[in-house]
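Open the model in your viewer and keep the selection panel at hand.

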Amino acid sequence: MRVSLFITCYNDTLFPETGKAVVRVLERLGHTVEFPAGQTCCGQMHWNTGYQAEALPLVARFVEQFKGAEAVVVPSSSCVAMIRDHYPKMAASLKDEKLIAEVEALVPRVFEFSEFLTKRLELEDVGAYYPHRVTYHASCHGLRNLGLGDGPQRLLKAVRGIDLVEIEGLEQCCGFGGTFAVKNAEVSSAMLAEKTTAVLNTGAEACTACDNSCLMHIQGGLHRQRTGVKTVHLAEILAGEEGAR
Amino acid sequence: MSGAVLDPTTSPAFPMAAKAAMGDTQLRKNVRHATEVIQAKRARVVDEMPDWQQLREAGKQIRQHTMENLDFYLEEFERNCTRSGGVVHWARDAAEARQIVTALVKASGSDEVIKIKSMTTEEIHLNDALEAAGIRAYETDLAELIIQLGRDQPSHIVVPALHKNRQQIREIFQREMNLPELGEKPEDLADAARRFLREKFLRVKTGVSGANFLIAETGGVCIVESEGNGRMCLTLPETLITIAGIDKVLPRYQDLEVVLQLLPRSATGERMNPYNSIWTGVRAGDGPQTFHVVLMDNARTEILADEEGRQTLNCIRCGACQNACPVYRQTGGHAYGSVYAGPIGAILTPQLQEMHHAQSLPYASSLCGACYEVCPVKINIPEVLIHLRNKVVKQNGLNAESLAMKTMGMIFRSEARFRAAQRLGRMAEAPLVRKDGQGEGWIGWLPGILGGWTQVRDLQAMPKETFREWWESRGKNGN
Ligand code: SF4
């Protein structure tokens, strides 16, 4: 399949390893990968903080980049939730008939990375090897907006060498919430403290998720406490190969 | 916060109030324990319903249909209520509602009232108004009684004293009921409250109640509760005054079938409420002989006019969103500065208060969606939060935040500008980056409002190369 990547502004700038891992997994599975260079941001931060006027033009930009794609794969559940939940009504509010039709045609072809593997390709074992003790955090947008269910865990269970340990309070928000972490720093910190404690209680070497935004937040807390526990995006675990590490 | 009236027009912004609340470890422990217990019960009784999702959908449809035809159903309610001997009054706002109720109590010839739990009377600070008019109000709902005797404020719409534990309640009872020997078993406390209240039930001739639902088809009013004290207030007085927001109406008697399944399971994890009272008008020689209903607008028609905010009025006040909300669970209810706390409060209060307090309440959420997931009538609270944030941004005009957001928006509209910003970011952060033990670059301090991040979190330095740079060099090297 010809797969177009939407790497997201956040992953592109701060977590390029995740994008590289997505490329590695998809190519290993025999797919052709494309990266439309004009892509920037889905507009989630603006939209969620109340800056609708700034977010609206990004819909047309996204459609322009991806309208010819067979499938669009995104290593971020919150960005997919933004596109799936909000783009149709954003296009409608712009009253642009052509855009409305294009969004309607494109949105069903946009997948979060783990969702693409488990639901579109119907895979669980992607031939990965990762000999570490890992715990999985279910990001809110993946869990509730996308309904990823246990898809990510099934992918992880199929990884060779992995020791997957379940975290207490799996469905609890880590407290990131974009600008929430800054505007309500105290509450966000308290939520984070619960999450890092839960991570540490598992005894895992690394915490993984389908969203680098949550992971950046969790990692920030773990690093501040000098715990030595790392965070790693799910794609990077699935990209692991025997002999490569 | 104890003692201070929860008034959204004067209470501090959420982040400040939250900080204060979070310093109270006992309160946080109580809130955490109580919400965990209720949530577990809720999950159990919801899971046993095979058609729960259909029920939710039915609930949503009923409420949506009602709101779309609210004028029609309100008039129908008025007609049917009047026909069966009730008297309907209309109140535009809180002040008018207070005036009407106070005058009705005075006309009843009593300077005391017994009350059954009603967030609507809390919303309009009725007790203070009654007191100013020389009328004493006795709360009879156990939780409300605890709040009243403790000179406290409700922190939850279903369990107003959720932030208090049994020991604290016992202390309040010992002091206020003059019972120094009172034990701390639940039976002891219930017994003390029963004796304290019984005397009032039998003596006071005027009752003031809220309403869970108004039934247009019959002109009836419905209250659900778990102690039976409500039933006493509805049957023993000679005069009964019910006050309800105009959003409380349901079209048909049969609609209760849906909402009376959704409400108790969502609210307290009960299959059914122990007491479901429905009363319609008056009947000679039985129950109150004078019955008034005050239908209060208080900004509800304005919410109704807002297409995106309208679904807020579908709320049946079950409080499930509060229990599920990780923010509420950290702060408790008082931080929200209003009797409506948690996610529903974060969307309802600003809309009831002409967007006063909208600067902070709609932002008191990580948009995790737990509230939407549990809401029995499927109110998309995150969507309304975002809608209100947008209203605030539009109201505010230019400031440091909006400038930064506008700049970022401009950057994202052009690939060239985005690339330039990525390069600039690396340069700008350089002076802040420190190497950690592993030789990796981290930022432990950020300036200005971003400092909120580095209070408890580090930030990893930006990588040397962006994904797109890697992708391009990979293409060139042909690997
Ligand atoms: S918004 Fe929904 S969950 Fe929250 S109190 Fe209202 S009905 Fe219950």
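Begin by selecting A:Glu186 and B:Lys19: they form a salt bridge, with their closest N and O atoms 3.7 Å apart. A salt bridge here is a side-chain nitrogen of Lys or Arg within 4 Å of a carboxyl oxygen of Asp or Glu. Between chain A and chain B there are 10 salt bridges. Next, show helix H12 (residues 185-202) of chain A, which gives the most to the side of chain A that touches chain B, with nine residues. Helices (H or I, at least four residues) and strands (E, at least two) are DSSP runs, numbered from the N terminus.

Before moving on, two notes on conventions. This is a predicted model, in which local features need pLDDT of at least 70 and side-chain atom pairs count only at pLDDT 80 or more, while totals for chains, interfaces and linings use all residues. Residues are numbered from 1 along each chain as its sequence is written, chains are lettered from A and ligands numbered from 1 in the order in which they are written, and side-chain values use heavy atoms, with hydrogens and water left out.

**The interface as a whole**

Now colour by chain. In this model 63 residues of chain A are in contact (heavy atoms within 4.5 Å) with 61 residues of chain B. The two chains bury about 5,700 Å² between them, 59% of it on carbon and sulfur atoms; buried area is the accessible area (1.4 Å probe) that two parts lose on being put together, summed over both. The polar contacts between chain A and chain B come to 37 residue pairs, both residues at pLDDT 80 or more. A polar contact is a pair of N or O atoms within 3.5 Å; within protein, one must be able to donate a hydrogen and the other to accept it, and residues adjacent in sequence count only if both atoms are side-chain atoms.

**Rings**

Over all chains, the structure holds 16 aromatic pairs. Rings of Phe, Tyr and Trp (its six-membered ring) pair if their centres lie within 6.5 Å; planes under 30 degrees apart count as stacked, over 60 as edge-to-face and the rest as tilted. Select A:Phe62 and A:Tyr87, an edge-to-face pair at 5.6 Å centre to centre with 80° between the planes. A:Phe62 lies in helix H5 (residues 57-66) of chain A and A:Tyr87 in helix H6 (residues 77-94) of chain A, so the pair ties together parts that are 25 residues apart in sequence. Both A:Phe62 and A:Tyr87 are buried; buried means under 20% relative accessible area, exposed over 50%, partly exposed in between (1.4 Å probe, protein chains only).

Two charged side chains in chain B are worth a stop. B:Lys200 lies over the face of B:Tyr138, 5.2 Å from the ring centre, and the charged end of B:Arg457 sits over the ring of B:Trp453, 4.7 Å from its centre. A charge sits over a ring if NZ of Lys or CZ of Arg is within 6 Å of the ring centre and within 35 degrees of the ring normal.

**B:Asp141 and helix H8 of chain B**

Go to B:Asp141, in the loop between strand E3 (136-139) and helix H8 (142-149) of chain B. B:Asp141 is buried, at 7% relative accessible area. At the start of H8(B), a side-chain oxygen of B:Asp141 reaches to within 3.1 Å of the backbone nitrogen of B:Ala143. Leaving aside neighbours within four places in sequence, B:Asp141 is in contact with B:Lys115, B:Ile116, B:Lys117 and B:Glu227.

How many residues of H8(B) are buried? Six of the eight are, so H8(B) is largely enclosed by the rest of the structure. H6, E3, helix H9 (166-176) and helix H10 (186-203) of chain B are among what covers them. Just after H8(B), B:Arg151 takes a positive phi of about 50°.

**Helix H16 of chain B**

Select residues 342-352 of chain B, helix H16: 11 of its 11 residues are buried. They pack against elements of chain B including H13, H14 and helix H18 (381-396). H16(B) is followed by B:Glu354, with a positive phi near 50°.

A:Lys95 is not a glycine, yet has a positive phi of about 55°; at 70% relative accessibility, A:Lys95 is exposed. B:Arg317 also has a positive phi of about 55°, but B:Arg317 is buried, at 12%.
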